Amino acid sequence: MMGLHLKPKDGFAQDHLIGIDHLRDADIEAILNLGDHYANRIGDDHGFGSDILRGRRILNLFFENSTRTRASFEIAAKRLGADVVNLDIGTSSVKKGETLRDTVATMEAIVRPDAVVIRHSEYGAPAFIAGHLDCAVINAGDSWREHPTQALLDALTIRRAKGGIAGRTVAICGDIAHSRVARSNMILLTRLGAHVRVIAPDALLPQEFPADGVRAFATMEDGLAGCDIVMMLRLQKERMQAGLITGESDYFKHYGLTRERLALAAPGALVMHPGPLNRGVEIADDVADDPERSLILTQVRNGVAARMAVLELLLARPRKNS
Ligand code: NCD
């Protein structure tokens, strides 16, 4: 019953982070503002820390492969003083046929987490476990539907690099149909006032867009004109039906981001990519590695800051029903 008299911190009023649609404008603003604060401090001093989450336990439950997202959540949690437990799904009973609900219930009994960070190939898995657990649940990517912390760190990155999001033109290029990053970004960036375009061959466009106002282009030549941000995506071959794309070199020829193509965008346009990169498939080496134009490593750094913000806002206050 502690702290019911306290106001939700910085206007943030969520128990979980399941998808962008669930967030109110004030929640998004609170995450971006606190993320910005942490991003400034990460730049100054890699060793900084806080103990605002001391004694809290974060359980990372990754049912799909991940490099940066999982490491980013772990570092974010540790920088705030929390303890982190990672479940190695490869050696867990999931491989022996255990249900998601049983795995989560077992881990809850052992770890008694304050937050579970979950990545799962099935749509709705984070919302499902949120209904069965008495702790915060954070979606670290479910199926091709949502990856809210990636969109939040991307928005933070655009805001810091371009001085704002409203009125900026962002092109998301490549495998839109199978990308949860594209989906969460279309929802969030549109909501924050950006002009969002997608550029992809027909086979890689979704049947419908999750946000109003998204404009689709079939060629890089048409879609890049006037763009402030060019966000490239990997071909999600693991989610594709065979034969959707004829060949990677052919794909690069038409949709790969080269210096020449980047020159079609607005002067000073910046390049983003959530990773992992497939060099020579969707992006040329010299574009990916251009220190002036590529924000790719900045995104990774801001990912820690954005996740610190999410963890702090979710956990550094009493839960609604506690
Ligand atoms: C993305 C993902 O897993 O959804 N990666 C990430 O989180 N940085 C994109 C991808 O897998 O291509």
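# Cavity, pocket and backbone of a predicted model

About 80 Å³ of space lies in the largest cavity of this predicted model.

User: Which elements give two or more residues to the lining of the largest cavity?

Analyst: The residues that line the largest cavity include Arg68, Thr69, Ser72, Gln150, Leu153, Ile296 and Arg307. Two or more lining residues come from each of three helices: α2, α5 (148–162) and α11 (296–315).

User: From which element does the largest share of the lining of the largest cavity come?

Analyst: Ile296, Gln299, Val300, Gly303 and Arg307 are among the residues that line this cavity. The largest share of the lining, five residues, belongs to α11.

User: How many residues of the lining of the largest cavity are charged?

Analyst: The lining of the largest cavity has four nonpolar residues and six polar ones. Arg68 and Arg307 are among its members. The charged residues in this lining number two.

User: The face of which residue does Arg307 lie over?

Analyst: Arg307 is one of the residues lining the largest cavity. At 4.9 Å from the ring centre, Arg307 lies over the face of Phe73.

User: In α2, which residues are buried?

Analyst: The helix α2 has 12 residues, and its first and last C-alpha atoms are 16 Å apart, close to the expected 16 Å. A residue counts as buried under 20% relative accessible area. By that limit the buried residues of α2 are Thr69, Ser72, Phe73, Glu74, Ala76, Ala77 and Arg79.

User: What is the volume of the largest pocket?

Analyst: The lining of the largest pocket has 24 residues, and Asn65, Arg119, Arg180, Arg234 and Pro276 lie nearest its centre. At least two lining residues are supplied by each of α2 (68–79) and α6 (180–191). The volume of this pocket is about 510 Å³.

User: How many residues of the lining of the largest pocket are polar?

Analyst: Five residues of this pocket lining are nonpolar and seven are charged. The number that count as polar is 12.

User: How many of the residues of α6 are buried?

Analyst: The end C-alpha atoms of α6 are 17 Å apart, which agrees with the 16 Å that its 12 residues should span at 1.5 Å a residue. The buried residues of α6 are Arg180, Val181, Ala182, Ser184, Asn185, Met186, Ile187, Leu188 and Leu189. The helix is therefore largely enclosed by the rest of the structure, and its buried residues number nine.

User: Is the peptide bond from Gly275 to Pro276 cis or trans?

Analyst: Pro276 lies in the loop between β9 (270–272) and α10 (285–288). Most peptide bonds are trans. With omega near -5 degrees, the bond from Gly275 to Pro276 is cis.

User: Does Arg112 count as buried or exposed?

Analyst: Arg112 lies in the loop between α3 (100–111) and β3 (115–120). Its phi is near 45 degrees, a positive value in a residue other than glycine. Because the relative accessibility of Arg112 is 56%, Arg112 counts as exposed.

User: Does Ser143 count as buried or exposed?

Analyst: Ser143 is placed in the loop between β4 (136–142) and α5. Although Ser143 is not a glycine, it has a positive phi of about 45 degrees. Because the relative accessibility of Ser143 is 5%, Ser143 counts as buried.

User: The charged end of Arg145 sits over the ring of which residue?

Analyst: A charge sits over a ring only if it is within 6 Å of the ring centre and within 35 degrees of the ring normal. The charged end of Arg145 is 3.7 Å from the centre of a ring, that of Tyr123.

Definitions and conventions: Residues numbered from 1 in each chain as written. Predicted model: local features only at pLDDT ≥ 70, side-chain atom pairs only at ≥ 80, totals over all residues. Heavy atoms only, no water. 1 Å grid on protein atoms, 1.4 Å probe; cavity = no way out; pocket = protein on both sides within 12 Å on 5 of 7 lines; lining within 4 Å. Points joined across faces, edges and corners; volume = space filled by probe spheres on them. Helix = DSSP H or I, 4+ residues; strand = E, 2+ residues; numbered from the N terminus. Nonpolar A, V, L, I, M, F, W, Y, C, P; charged D, E, K, R; others polar. Expected span 1.5 Å × (residues − 1). Buried < 20%, exposed > 50% of the residue type's maximum accessible area, 1.4 Å probe, protein only.
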